[in-house]
Amino acid sequence: MAKLDVTEDMYLKLLSREYPSIAAATTEVINLQAILNLPKGTEHFLTDIHGEYEQFLHVLKNGSGAIRRKIEEQFESTLSAAQKRTLATLIYYPEKKLELILENEENVEDWYRVNIYRLVQVCRAASSKYTRSKVRKALPKDFAYIIDELLAEKDVNSRDQVGYYNEIINSVIRTGRAKELVIALCNTIRRFVVDHLHVLGDIFDRGPRPHDVMEALIEHHSVDITWGNHDVIWMGAAAGETCCMANLLRISAKYGNLDILEDGYGINLIPLMRLALEVYKDDPCDSFKLSYREDEYDGQNEELDQKMHKAIAVIQFKLEGQKMLKHPEFDMNERLIMHTMDLDKGTVVVEGKTYELTDTYFPTFNPDDPYALSKEEEEVVEHLRKCFISCERLQRHIQFLYAKGSLYKVYNGNLLYHGCVPLNEDGTFKEVEIYGKKYSGKELYDTLDSYARKAYYSLDKEEKQKGMDIMWYIWENKNSPVFGKGKMTTFERYFIADKATHKEPKNPYYKLMENEEVVTNILAEFNLTGEEAHIVNGHVPVEQKKGESPIKCNGKLLLIDGGFSKAYQGKTGIAGYTLVYNSYGLMLAAHEPFVSVDIAVEQELDIHSDKILVQKVNKRKLVADTDVGKEIKENILGLERLIEAYRTGYKVTN
């Protein structure tokens with residue numbers, strides 16, 4: 001064996017600690033080689049959840065229809081349609097469904113025997129593409145041995161085997177643990193149906209329970225997240241960036257969701273409430289009506305919430321004006337608007353044109369220093385900033401977003417991002433200046449991602465501040481990949497009636513996404529080539545009811561925002577998409593609106609999903625064809641090198 005360099009020698013020494021003999025190393029090689037030949041696990045892609053916790057949870061629980069397909073395959077002609085619905089609902093919501101079933105079931109023990117057998121059959125089918133080792137590791141601790149035995153293939157003609165199998169179930173029932181076993185089996189089935197989850201951004205804002213979505217993601221066994229613009233402002237706020245904080249507060253107020261901050265995160269909003277009541281007590285705040293859902297907002301505090309809505313919006317416009325003046329290189333001078341207001345005339349100038357203001361009551365506005373906060377506003381902002389950076393639950397959620405997230409992701413030959421790759425009109429990558437240097441394409445993404453991490457983690461005050469300013473830049477700058485529009489017309493929507501001023505022109509990317517050459521160039525920029533490379537894209541809702549297709553550029557680009565948020569469902573006509581990538585190919589599921597968990601359990605309703613085949617692979621995908629497969633192959637090469645060292649007498653042990 002040739003002499004090893006220092007790095008390889010150190011690597012083999014470390015490897016030998018785990019595999020101290022030829023037998024141990026060869027056993028692992030055999031195991032890894034076998035894993036490479038298993039079918040790849042199923043990936044699910046969701047985007048723009050926007051706090052819709054119940055619908056998100058239901059899509060996750062039913063595996064976008066995968067569990068129903070497993071039930072259909074296993075019991076095609078042996079169960080009725082009603083029995084299949086009951087079994088599916090049991091798997092989705094075992095605790096709730098069991099409560100209803102056991103109230104009305106006359107022979108509970110027989111019901112347990114029959115349904116444990118059925119659940120074991122579905123679980124066996126769902127886990128068939130995984131190694132026994134991986135299955136065992138995923139089993140719930142209390143029932144790991146029992147489920148492992150039940151899942152093992154049995155000789156149906158062997159009386160001893162059948163007797164052993166039956167006695168396990170009888171013993172579970174006799175000892176009063178049948179209910180817990182049913183729940184454990186249901187949870188295990190759901191675990192195996194979705195091997196890995198991709199979330200393409202915008203977990204926060206608009207919907208009422210983003211904090212619960214975050215808790216579910218933290219508990220999920222395998223997930224990655226590409227940040228959306230709405231996630232970024234929460235990340236910025238958690239780092240102490242006040243423009244981001246003001247934006248998320250304004251959005252929460254607008255959608256009647258301030259209770260997310262108060263009840264979900266324990267943020268004390270009383271100082272903001274006092275400011276709103278004092279400053280805007282005689283103001284009807286008509287330009288700040290809420291966009292709430294009747295079933296989720298009782299309206300008792302509507303007048304107060306409108307005043308808080310206006311109070312934080314005015315603070316936001318001032319803070320953003322300060323940021324633009326601080327960073328002229330952000331090229332946002334056309335968005336400096338407040339200083340053009342003439343409250344005596346009731347007018348404002350936007351992009352050189354004068355418009356009437358729909359609201360002229362600005363008691364904290366100082367014409368001599370239009371972007372300065374009043375003393376009271378400063379105190380409120382500082383109080384809220386401290387609340388955000390000291391909120392333990394919020395910080396835990398944001399740390400998870402950083403640990404599992406990024407601005408883009410390359411995974412198994414697919415490029416995932418929330419918004420766009422900024423382009424020029426001719427389809428070339430747009431050059432963007434960040435702190436004196438120009439970037440485009442992948443390098444722009446990488447640079448912004450790096451500054452986003454500095455905003456939260458840097459110990460250098462100057463670098464941290466640069467990062468925090470970039471968090472706001474990512475939220476609404478025209479060159480931000482996750483925003484992807486020429487401007488954010490928030491001020492105009494509140495204060496100018498002319499809807500022509502409300503338009504937010506999109507980056508040329510959105511016109512060019514049907515151009516195969518452009519899309520191919522984007523994939524190549526991220527080192528992806530070939531027919532099986534795709535862009536998976538969130539952020540812009542697909543208006544299916546107008547005939548728009550989520551499949552762009554002959555399947556090379558998939559725009560999968562279908563209106564998961566109820567705020568967009570009137571526009572899209574559906575309730576979101578899930579992209580499913582399994583060993584047979586890519587399939588898009590378009591979901592109908594979800595009513596509620598209680599109704600789903602009681603009436604055994606499921607989300608109806610129309611399936612669209614995007615791409616069927618010529619040869620079934622194996623683990624060997626995935627990114628995990630590449631890592632396994634590298635591990636095999638290392639182990640084979642270790643075996644060679646052992647056999648040639650090279651000293652690899654310490």
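**Salt bridges in the predicted model**

Arg641 and Glu644 form a salt bridge in which the closest N and O atoms are 3.1 Å apart. Both residues belong to helix 27 (residues 627–647), where a spacing of three residues separates Arg641 and Glu644 by about one helical turn. Arg641 is partly exposed, at 22% relative accessibility, and Glu644 is likewise classed as partly exposed, at 35%. The structure is a predicted model, and the count of salt bridges in it comes to 41. Side chains of opposite charge can pair when their charged atoms come close.

A further pair is made by the side chains of Arg493 and Glu504, with an N to O distance of 3.9 Å. Glu504 has a relative accessible area of 19% and is buried, because the class of buried residues takes in values under 20%.

Arg209 is paired with Asp212 in a salt bridge, the closest N and O atoms being 2.7 Å apart. Arg209 is partly exposed, with a relative accessible area of 30%, while Asp212, at 18%, is buried. Both residues take part in a network of salt bridges that also links Glu215, Arg393 and Arg396.

Note on methods. Residues are numbered from 1 along each chain as its sequence is written. This is a predicted model: local features need pLDDT of at least 70, side-chain atom pairs count only at pLDDT 80 or more; totals for chains, interfaces and linings use all residues. Side-chain values use heavy atoms; hydrogens and water are left out. A salt bridge is a side-chain nitrogen of Lys or Arg within 4 Å of a carboxyl oxygen of Asp or Glu. Buried means under 20% relative accessible area, exposed over 50%, partly exposed in between (1.4 Å probe, protein chains only). Helices (H or I, at least four residues) and strands (E, at least two) are DSSP runs, numbered from the N terminus.
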